[in-house]
2 protein chains.
Amino acid sequence: MSRFPHVRIGDDVRAQEQLLSEHCGIETLQLVVGGSMGAQQTYEWMVRFPGRVKRAAPIAGTAQNTPHDFLFTKALVEAITSDPGFKDGEYSSNADVVDGLKRHAGIWAVMGFSTEFWKQEVWRALEFDSKEAFMEGFLEPYFTAMDPNDLLCMAWKWQRGDVARHTGGDLAEALGRNEAVTRIVPINEDMFFPVRDHEYELELTPHATIRVIDDLLGHLALFGVAPTYIGQVDRYLQELLGEDV
Amino acid sequence: MSRFPHVRIGDDVRAQEQLLSEHCGIETLQLVVGGSMGAQQTYEWMVRFPGRVKRAAPIAGTAQNTPHDFLFTKALVEAITSDPGFKDGEYSSNADVVDGLKRHAGIWAVMGFSTEFWKQEVWRALEFDSKEAFMEGFLEPYFTAMDPNDLLCMAWKWQRGDVARHTGGDLAEALGRNEAVTRIVPINEDMFFPVRDHEYELELTPHATIRVIDDLLGHLALFGVAPTYIGQVDRYLQELLGEDV
């Protein structure tokens with residue numbers, strides 16, 4: 001895996017399109033929806049195949065990765081690659097990189113949830129009795145089970161997500177290609193895909209409106225563990241599916 | 001330095017008080033003011049020596065460290081201690097820990113400034129021509145010049161700043177001791193001492209009002225490099241110094 005080539009969000013979407021078109025015979029999509037890097041893919045669909053996407057709902061992710069997001073991801077990458085057990089990607093199992101993966105989880109703890117998630121001890125709802133127990137019982141196992149090279153592939157891709165690659169760097173021109181009726185759906189407590197970054201892209205996207213999810217979990221509301229999260233997503237998607245296109 | 005004892009914000013303030021009282025003969029302070037851990041010290045003065053502080057202005061720091069802030073600081077600590085050159089604190093110079101100190105700077109880049117600082121490329125005002133050049137020319141030299149054990153001492157102290165230590169954990173009772181006319185001064189773009197954490201403590205602090213500094217730098221507005229920063233601080237402190245006490 002250390003020699004797996006770099007792939008981009010655009011490669012994902014090109015492959016998805018090929019699968020849908022050649023194997024399933026599907027040419028028109030009633031709805032493209034995804035969260036985080038899935039939102040990056042959604043924007044890629046909107047810009048790359050505008051005539052074929054009827055509705056789109058990018059959730060908690062942007063069309064063009066921001067510099068802050070690049071630096072956040074860089075910190076995540078460095079937590080892994082600095083582990084001596086990483087050995088330039090030639091580790092024998094992810095257990096060799098467990099210290100780096102735990103530090104990676106620790107940075108997610110800071111940026112992935114919100115300040116209020118920790119202050120209000122929302123982890124109690126997940127049946128932990130301390131933030132340390134939540135880290136050891138939830139976030140660390142979640143990330144230490146992952147393959148470090150996989151994570152690095154994803155990080156490289158995430159950092160370079162940018163639909164303006166289609167238009168020589170002109171984001172307005174790229175988003176201007178969108179024909180789908182679109183709901184842009186940020187999460188109000190997201191610390192690294194903040195609402196204002198979505199609002200900025202909203203201004204550039206035809207046929208788009210915004211619906212903000214209220215969730216103290218922040219970006220990791222995407223886990224869907226808050227009882228109120230899925231209801232909000234469902235409501236916004238039903239509203240979107242109810243629109244004539 | 002690896003065997004330097006743990007000290008607390010309360011130890012700092014006790015030593016400051018001893019210096020002022022025994023060496024300078026100063027018993028009454030017209031104004032106690034400080035930023036970040038200096039704000040923690042300011043709250044400590046307010047609660048520990050209430051009759052002797054006439055005015056107080058904690059800037060971008062809280063009376064009780066938050067769990068999110070604890071986790072942020074933990075990520076900073078781990079960036080340093082995970083460097084093999086750290087050798088459990090027995091390195092021969094901070095140059096041995098330069099990789100860890102750079103990762104530490106990289107986490108500060110994510111949390112110390114704001115998302116808009118990076119998006120609006122505010123570093124251009126500091127005469128850098130890329131975010132990478134800003135990291136290499138400003139934030140990395142700033143932190144790699146520091147002694148790792150010093151940073152860890154500061155981190156330990158920061159994580160445990162809590163005036164409720166005076167009242168068996170009751171923050172309201174502790175802040176209720178304040179007699180100083182107080183301005184609580186958060187920075188609107190601070191990612192780890194957000195305004196709402198200051199508002200929460202404002203509610204518990206007698207004689208206090210809030211004034212919010214507007215600065216895209218976020219917490220590191222405290223560097224004072226934005227031309228508009230010092231003017232705001234001066235205005236709020238002059239206002240405070242003009243009050244009858």
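# Exercises on a two-chain model

Of the interface residues of chain B, 96% are also interface residues in chain A, so the copies meet through the same surface. Keep in mind that this is a predicted model.

## Exercise 1: Size up the interface

Work out how many residues each chain brings to the contact, and how much area is buried between chain B and chain A.

*Solution.* Start with the head count: 27 residues come from chain B and 26 residues from chain A. Next, the area: about 2,700 Å² is buried between the two chains, and carbon and sulfur atoms give 68% of that. Then the polar side of things: there are six salt bridges between chain B and chain A, and ten residue pairs in polar contact across the interface. Now see where chain B's share comes from. The elements giving two or more residues to its side are helix 3 (67–81), helix 4 (98–111), helix 5 (115–119) and helix 9 (195–202) of chain B. Helix 3 of chain B gives the most, with seven residues. Finally, sort that side by class: 14 nonpolar, five polar and eight charged residues.

## Exercise 2: Find the symmetry

Which rotation superposes chain B on chain A, and what shift along its axis goes with the rotation?

*Solution.* Begin with the general idea: two copies of a chain are related by a rotation about an axis and a shift along it. Here the rotation is 180° and the shift is 0.0 Å, with an RMSD of 0.0 Å for chain B on chain A. That is the relation of a two-fold axis. To place the axis on the model, look for Ala79(B): its C-alpha is the one in chain B nearest the axis, 3.8 Å from it.

## Exercise 3: Move on to salt bridges within a chain

Which parts of chain B does the pair Asp12(B) and Lys157(B) link?

*Solution.* First, the bridge itself: the closest N and O atoms of Asp12(B) and Lys157(B) are 2.9 Å apart. The pair links distant parts of the chain, with Asp12(B) in helix 1 and Lys157(B) in helix 7 (residues 148–159) of chain B, 145 residues apart. Both Asp12(B) and Lys157(B) are buried.

Compare that with Arg211(B) and Glu239(B), whose side chains meet in a salt bridge of 2.8 Å, N to O. Arg211(B) lies in the loop between strand 4 (208–210) and helix 10 (229–241) of chain B, and Glu239(B) lies in helix 10, so the pair ties together parts that are 28 residues apart in sequence. Arg211(B) counts as partly exposed at 24% relative accessibility, and so does Glu239(B) at 33%.

Over in chain A, Arg183(A), Arg211(A), Glu239(A) and Glu243(A) are linked in a network of salt bridges. Over all chains, the structure holds 28 salt bridges.

## Exercise 4: Look around two residues

Is Ser21(B) buried or exposed, and what does its side chain make a polar contact with?

*Solution.* Find Ser21(B) in helix 1 (residues 9–23) of chain B. The cut-off for buried is under 20% relative accessible area. Ser21(B) has 19%, so it counts as buried. Its side chain makes a polar contact with the side chain of Glu27(B), at 2.8 Å. Leaving out residues up to four places away in sequence, Ser21(B) touches Ile26(B), Glu27(B) and Arg52(B).

Now try Ala39(B), in helix 2 (residues 37–48) of chain B. Ala39(B) is buried, with a relative accessible area of 0%. As for Leu29(B), its C-alpha is 15 Å from that of Ala39(B), and the two residues are ten apart in sequence.

Definitions and conventions: Residues are numbered from 1 along each chain as its sequence is written. Chains are lettered from A and ligands numbered from 1 in the order in which they are written. This is a predicted model: local features need pLDDT of at least 70, side-chain atom pairs count only at pLDDT 80 or more; totals for chains, interfaces and linings use all residues. Side-chain values use heavy atoms; hydrogens and water are left out. Contact means heavy atoms within 4.5 Å. Buried area is the accessible area (1.4 Å probe) that two parts lose on being put together, summed over both. A salt bridge is a side-chain nitrogen of Lys or Arg within 4 Å of a carboxyl oxygen of Asp or Glu. A polar contact is a pair of N or O atoms within 3.5 Å; within protein, one must be able to donate a hydrogen and the other to accept it, and residues adjacent in sequence count only if both atoms are side-chain atoms. Helices (H or I, at least four residues) and strands (E, at least two) are DSSP runs, numbered from the N terminus. Ala, Val, Leu, Ile, Met, Phe, Trp, Tyr, Cys and Pro count as nonpolar, Asp, Glu, Lys and Arg as charged, and the others, Gly among them, as polar. Copies are superposed by least squares on the C-alpha atoms of residues with pLDDT of at least 70 in both. Buried means under 20% relative accessible area, exposed over 50%, partly exposed in between (1.4 Å probe, protein chains only).
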